[in-house]
Amino acid sequence: MASTYATMTDPQNKTIDATPTAGQNISHEGKEYTTIKEGLAHILVPHDTPTSTDPRMSKEDTQKQQVFYNPIQQFNRDLSVLAIKTFGLDSVQRKEDRHAKQMKKGPRKQINRSKEVEGAEEAQVDTSAFEDDNALKRKLIEGEATDSALSAKKQKVTESNDTTEDAGAAPATESQTETSKEPRPWRAPFTILDALSATGLRALRYAKEIPFATSITSNDMSKNAVESIKLNIKHNNLEGTIKPNTGNAIAYMYSYCDKSGYDVIDLDPYGTAAPFIDSAIQAINDDGLLCVTCTDSAIFASHGYLEKTYSQYGGLPFKGEACHEGGLRLVLHAIASSAARYGMAIEPLLSLSIDYYLRVFVRVRKAPNDVKLLAGKTMLVYSCDNGCGAWTTQYLARNKVTKNKKGDPFYKHGFAAGPSADEHCKHCGSKTHIVGPMYGGPLHNVGFVERVLAQLNEVDRKTYPTMDRIEGMLRTALEEITFGIKVKDGESKSMLTPLIPKADPAEIDHHPFFFIPSSISRTLHCSAPPTAALRGALRHAGYRVTMSHCKPGSIKTDASWTDIWHIMTEWVRQKAPLKNQLKENTAGRAIMSKSSTIATDTNGASNIANTLDNAQNGEPVDVEMANTETTARASYLGTNFEVKFDEQLGRDHDRGKYVRYQLAPRENWGPMARAK
């Protein structure tokens, strides 16, 4: 059998207080455990549990193992640590800058305030510690209650200080509180909630690998899980940093509606995170980070249960090769809609489709003006899923930049003109279907991805064994949002400031989704062109081309579908003549029957060109002018531009340099069954 069972490496069992190392045999309260190390953290699993990470393990062993430790998710955890650490450097820096400004202008106010407090103590006594007001008055007259009342007031001040300490301030030692009157050193609070913690491995890794984290809460509804969390906290000697909590995650997060919440909330459930999103928005601080995992790809990336998709995420799923990107946009739409109800705007920092699940990192900030832009960043999609596979986007509203009397730009919001597509596909004549609504803005923040990549130059490969795949996926994500602008090799964190640049809140993704050459070739019943040849043809025509992180062999471009089909018909004419005549009333027959697939109506090509030029010059533009795939960089090259399949032009020098995609190492590679 390829799986291996935990074996005892020490001649004698050790106690839970022993320094943790991988493969230890621990005895605690009559039970035997084995230590597994991931990152810098160690967790305890029952002694007879398989601990092998071999992907060829039997199904029976994997069912046993996943309750305590799931090695499949290590990539998720490694990426999460690096992403939260990158965000935390930004958050802590901003807090320290604000604190420094307050200290520069605030000492005088603090002195005056302390004098006012002293005067108030002399003038009156806090009567809240006494139940009988009449008795208190008598004692005050007799001079007996002064010391007692003052002590009650001091007790309240102490409790207030304790509350501040819980919020993230560095705790003072006994000698400081008893003998020293010097103020405690201020430390920027950075708090994390692992809402669905299971064994607490994520919380342990955050505590061990994010040194500036001041407080981490590890929550789970299962009492047995929380007992396991407590055991792991004790074994890792992290009692002062991690707080275990037993409770319903939704109820626990809603309890933070009227008080300071968390800087980071991590939602990593089994299945969908939809039920937890609203409460997480309530519990997150202004300018906080929300990390969300959804493993229900059969819902958000499949058309088999579209009624379920709508009930979970408020939109209908995308049908076709780009269904996983559609799933990302559906989840972001659900988060953005929930946040908008409370005047919170979201900014996706990183949105990835990984194996069988998706993972998004979203910055949430209190910004009512940015919320007004949400309708103009929410789109419907007209999808020709039963025909040629083309799509057209339709945004729900229009965000138009104009200037006030002083010349300052501001946005006006109005209804969008529609529909942007006919009932039938203009390329093949098939009926189109409506998809969405879904998020139509960028999926990533370029500055954030650059900073996570810079972190990789400083981490230990033994601590992050998945870093090769992390680097490859992040570079692919960076290229898909910038169409080829890459981080320079060897760039270190020191070259980048900790502050993550804020993206334009009105920015929309003019070219969402991607296509697969083999899929569109099936429409024409021709041999598929090599990826390099098709990329070269698009680049030769003046378009930008990259790949999507969602799927190998994908092509993401700013060319319109009109131009894509023109290139494909030229491929058939020049390189791959059809062996058999296409059947009537098929999408391929309709496309090939047209003398030229370059439509004369390009939705106002000259106006589009002017719009793009204005955008590049920083002038105010009408966002709606470029909100469909036929507008931005549309076909104003002419009705018959030359098509040249230049494979050399279509190759990237570093295309095979990085591990960009993960191949399933065994059958049924996925989340497996829910833990019992």
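1. Basis. The model is predicted, with local features requiring pLDDT of at least 70 and side-chain atom pairs counted only at pLDDT 80 or more, while totals for chains, interfaces and linings use all residues. Residues are numbered from 1 along each chain as its sequence is written, and side-chain values use heavy atoms, with hydrogens and water left out.

2. Background. Most peptide bonds are trans, and most residues other than glycine have a negative phi. The points below list exceptions by residue.

3. Gly418 to Pro419. These residues are joined by a cis peptide bond with omega about -5°. Pro419 lies in the loop between β14 (409-415) and β15 (433-439). Strands are DSSP runs of E with at least two residues, helices are runs of H or I with at least four residues, and both are numbered from the N terminus.

4. Gly436 to Pro437. Here too the peptide bond is cis, and omega is near 5°. Pro437 belongs to strand β15.

5. Glu29. Phi is positive, about 55°, although Glu29 is not a glycine. Glu29 sits in the loop between β1 (25-28) and β2 (31-38). Its relative accessibility is 72%, so Glu29 counts as exposed. The classes are buried under 20% relative accessible area, exposed over 50% and partly exposed in between, with a 1.4 Å probe and protein chains only.

6. Ala198. This residue, also not a glycine, has a positive phi of about 55°. Ala198 is in the loop between β4 (191-194) and α7 (201-209). Ala198 is partly exposed because its relative accessible area is 38%.
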